[in-house]
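Hi,

Here is the structure I promised to pass on. Have a look at it first, and then read on for what turned up.

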Amino acid sequence: LHLVICSPPGGTSLLQQGKRFPAIISGCTVNWILPWPKESLTEIARSFLEPLELEGGEAKQTLAALIEHAVETHTLANLTANESGRACATLRSYYHFLRELAEAYPQKVDEVTQHSATLSDAVLRLEQAIEGVDGLQSSLDDKESEVAAIEEKVQALLQDIVGAQASAEKEKAAIQAMTDALASKVGGFAEERRRINAVSAPVIDAAVEALAAITEPDVDALKSLDGDAPEATRRLFDCVLLLLHEAMLPIGTCEGEAGLILEPSFSVAQRVVSRATFHAELRGCAAEMTNDETLEFLFPYIGLPLSATDAINPPSAASLSEGGIRQNSGSIAGLYTWCEAMATHVVLMKAVSPELELLK
């Protein structure tokens with residue numbers, strides 16, 4: 001029976017095995033293998049590194065330098081291992097080193113190439129920046145010359161301004177005189193505005209008081225009205241529909257208490273009154289929404305004033321009031337007062353609008 005045991009001389013592996021199995025050491029033949037010669041190491045390195053695709057005109061010199069570097073590195077590693085007694089650079093470790101060198105070298109070449117390209121781009125940008133600075137310097141010189149020309153023009157303008165200052169003082173005095181005259185006119189306009197407000201305020205107050213007099217129970221009472229409501233009440237609701245700009249039935253006539261009258265749109269009014277927002281719609285209706293067309297539609301129902309004088313001192317009661325509107329419940333009377341005040345306000349504002357434009 002023959003056993004072949006291979007163990008590197010470096011490190012503690014051979015020492016520990018000899019202590020544990022002394023029979024092996026006492027009865028064996030030791031073949032001490034000397035280091036590989038440099039020529040063999042060179043050929044092995046060539047077989048690993050020669051497949052590398054080296055570029056450039058000095059590819060052969062680069063390959064030779066790589067091979068020499070690999071051989072010298074392995075030799076120094078083996079020498080260091082023998083001196084320290086800790087490890088041994090074997091042929092296997094040499095193979096591993098050559099494989100890693102063959103893999104690492106192309107990567108390092110790519111990194112150096114990229115770094116070189118980055119540096120070249122930076123140098124190019126720096127050169128462009130230098131050219132841009134030169135161009136800016138030239139542009140700055142041109143701007144300085146332009147500024148000098150502008151300064152000359154400004155000096156000339158200042159002289160003209162000083163010469164025109166005397167005439168400006170004269171114009172200022174004339175404008176001051178005009179301002180004093182306008183101030184006196186403004187005082188008269190303010191008095192006119194107070195007079196107009198005194199005329200229009202009672203009409204607005206009447207509409208506001210009429211709406212305030214209509215309470216929630218009054219609205220419920222209006223909702224309870226049916227087709228048997230009095231003729232004056234049904235016609236009054238036509239006025240409400242017109243002021244709220246609601247759709248009405250097609251125009252028709254019917255026999256009334258005093259002859260032919262316009263057919264009331266009371267069925268439409270019942271739907272409008274039944275809305276939960278009816279009271280709020282009355283309060284939100286602005287007098288500005290009432291125009292000349294609305295006044296024409298209201299004329300058959302309410303005796304409208306024909307001028308501002310009639311609006312301040314209205315003539316005899318209209319046909320609806322003659323039918324007993326004012327003697328009805330508070331809700332009906334309030335609706336009539338509101339409709340009459342809205343229409344009167346429009347007639348009054350048409351009279352005073354020119355004066356209001358002058359006051360603006």
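To start with, what percentage of the 360 residues of the protein count as buried? The figure is 26%. Keep in mind that this is a predicted model, so everything below is computed from it.

Now the overall picture. The secondary structure comes to 13 helices and two strands. If you take the contacts with a separation of 6 or more, 72% of them are between residues 24 or more positions apart.

Next, the inside. The largest nonpolar core has 33 residues. Those with the most contacts inside it are F237, V240, L244, F278, L335, W338 and C339. Which elements give two or more residues to this core? They are α6 (216-223), α7 (231-243), α8 (266-273), α9 (278-284), α10 (292-298) and α13 (330-359). The one that gives the most is α13, with nine residues.

Leaving aside its neighbours within four places in sequence, F278 is in contact with V219, L222, V240, L244, V272 and V273. There is also a second, separate core, made of 16 residues, and I44, L54, L66 and A102 are among them.

Then zoom in on α7. This helix has 13 residues and reaches 19 Å from its first C-alpha to its last, close to the 18 Å expected at 1.5 Å a residue. Why is α7 described as largely enclosed by the rest of the structure? Because 12 of its 13 residues are buried. They are E231, A232, T233, R235, L236, F237, D238, C239, V240, L241, L242 and L243. Just after α7, you will find H245 with a positive phi of about 60 degrees.

One last thing, about the cysteines. How many disulfides are there? The count comes to zero. Take C239 as an example: the nearest cysteine sulfur belongs to C339 and is 5.2 Å away. C239 itself has 0% relative accessibility, so it counts as buried.

Happy browsing!

How values were computed:
Residues numbered from 1 in each chain as written. Predicted model: local features only at pLDDT ≥ 70, side-chain atom pairs only at ≥ 80, totals over all residues. Heavy atoms only, no water. Core = buried A, V, L, I, M, F, W, Y, C linked by side-chain atoms within 4.5 Å. Buried < 20%, exposed > 50% of the residue type's maximum accessible area, 1.4 Å probe, protein only. Helix = DSSP H or I, 4+ residues; strand = E, 2+ residues; numbered from the N terminus. Contact = heavy atoms within 4.5 Å. Expected span 1.5 Å × (residues − 1). Disulfide = S-S within 2.5 Å.
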